[in-house]
Amino acid sequence: MLEPSIVKDEEVEYLIRDVYDLYGYDFSRYSRASFKRRVNRLCLIDKFTSFAELRYTIITEPDYLKRFVEEITVNVTEMFRDPLFFKEIREQILPHLGTFPLIRIWVAGCSTGEEAYSMAILLKEAGLYDKCLIYGTDLNPSVLEQARSGVFPIQQMKQYSENYILSGGKKDFSEYYTANYDSVQFDKSLQKKLILSTHNLVSDSSFNSFQLIICRNVLIYFEKDLQERVFKLFDDSLENLGYLALGSKETLRFSNLKKSYETVSEQKIWKKTEHQ
Ligand SMILES: C[S@@+](CC[C@H](N)C(=O)[O-])C[C@H]1O[C@@H](n2cnc3c(N)ncnc32)[C@H](O)[C@@H]1O
């Protein structure tokens, strides 16, 4: 089995080139340190005896690509993750969005959909669900399949329920799902306004205009120039006076676009101010 540090820098470059040339996935502007760690991890989990073997498998077995993308991209997520963020959305942002005739929200890099379901719950509780549309996108089709099913492991519900309460939720969280042995099925009504589709932040363009874009814990994996590309994409996709929400370790502060935005609060939420 490979030693953890055996994958060399130049080999990682070959791999990135192969994956792009053969399959069109561009990882060239992902943070190298984290990308390399994930490649090492994949080699260990899938028991490749050399880096060349991993590369050969990727080149010759198109089906393995799916597994590669799944393991290279980090899919960790949870419902009402960082509850104070959702409290802020609930208390400060939704009352303003409620003044629009239709509320379009884009959850970019939504992974298995927990953030999108959390938003559906917030909108229901604010009485705004009927006039909203939530677009959940990710580059990884496998996580979107899970998001579509609305089925999540039951052991996560305790944590989700605590997060929900800290976010200002007043109901019993279990009202939103039906338990079934070791999993739960979220209420189908939470999927009614949810549109899930693949979208790659590296290469795809804007596809609609939104009043709120949420993209959390995705940009941390990108180098600065790719982050800037994504900010431009979000700016093109955000209506004037709309909101952009990032993860706790992400910021718009160093972007050229910062001048068109103002901070809303302690949380990583910015409001677009510039009128074009
Ligand atoms: C750590 S998860 C974050 C999930 C959720 N936003 C949250 O904060 O809980 C990062 C997600 O970004 C997705 N991702 C990575 N690169 C992407 C890209 N280029 N375009 C779209 N999504 C991407 C991954 O597939 C993964 O599902």
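Helix H6 is largely enclosed by the rest of the structure, because 10 of its 12 residues are buried. Buried means under 20% relative accessible area, exposed means over 50%, and partly exposed lies in between (1.4 Å probe, protein chains only). The buried residues of H6 are Glu114, Glu115, Ala116, Tyr117, Ser118, Met119, Ala120, Ile121, Leu122 and Leu123. Helices (H or I, at least four residues) and strands (E, at least two) are DSSP runs, numbered from the N terminus.

The length of H6 also checks out. At 1.5 Å a residue, the 12 residues of H6 (residues 114-125) should span 16 Å, and the end C-alpha atoms are 17 Å apart, which agrees. The expected span of a helix is 1.5 Å times one less than its number of residues. After H6 comes Gly127, with a positive phi near 70°.

This is a predicted model, in which local features need pLDDT of at least 70 and side-chain atom pairs count only at pLDDT 80 or more, while totals for chains, interfaces and linings use all residues. Residues are numbered from 1 along each chain as its sequence is written, and side-chain values use heavy atoms, with hydrogens and water left out.

Phe210 sits in strand E7. Phe210 is buried, at a relative accessible area of 0%. Contact here means heavy atoms within 4.5 Å. Setting aside neighbours within four places in sequence, Phe210 contacts Arg104, Ile105, Trp106, Tyr135, Ser237, Leu238 and Glu239. Glu223 is 13 residues from Phe210 in sequence, yet their C-alpha atoms are 25 Å apart in space.

Asn217 belongs to the loop between strand E7 (210-215) and helix H9 (224-237). Asn217 is not a glycine, but its phi is positive, about 60°. Asn217 is buried, with a relative accessible area of 14%.

Asn75 brings in another loop, the one between helix H4 (62-72) and helix H5 (83-97). The C-alpha atoms of Asn75 and Asn217 are separated by 9.6 Å, although the two are 142 residues apart along the chain. Asn75 counts as partly exposed, at 22% relative accessibility. Neighbours within four places in sequence aside, Asn75 is in contact with Glu70, Ser111, Asn140 and Val143.

**The loops on either side of E9**

Ser260 lies between strand E8 (238-246) and strand E9 (261-263), in the loop. Ser260 is buried, with a relative accessible area of 4%. Not counting residues up to four places away in sequence, Ser260 touches Lys271, Lys272, Thr273 and Glu274.

Ser265 is in the loop between E9 and strand E10 (269-272). Ser265 counts as partly exposed, at 26% relative accessibility.

Which loop holds Tyr181? Tyr181 lies in the loop between strand E4 (177-180) and strand E5 (183-186). Tyr181 is not a glycine, yet it has a positive phi of about 55°. Tyr181 is exposed, with a relative accessible area of 78%.

**C-alpha separations**

| Pair | Apart along the chain | C-alpha separation |
|---|---|---|
| Ser260 and Glu145 | 115 residues | 36 Å |
| Ser265 and Glu88 | 177 residues | 8.2 Å |
| Asn75 and Asn217 | 142 residues | 9.6 Å |
| Phe210 and Glu223 | 13 residues | 25 Å |

**The whole chain**

The chain has 9 helices and 10 strands. With 276 residues, a compact globule would have a radius of gyration near 19 Å; the chain has 20 Å, which agrees. That radius is taken over C-alpha atoms, and the globule rule is 2.2 Å times the number of residues to the power 0.38. Along the principal axes, the C-alpha atoms fill a box of roughly 55 × 50 × 30 Å.

Buried residues make up 51% of the 276. Of the contacts with a separation of 6 or more, 77% join residues 24 or more positions apart.

The chain has 36 positive and 40 negative side chains, and the centres of the two sets lie 4 Å apart. Lys and Arg count as positive, Asp and Glu as negative; His and the chain ends are not counted. Each charge is placed at NZ of Lys, CZ of Arg, CG of Asp or CD of Glu.
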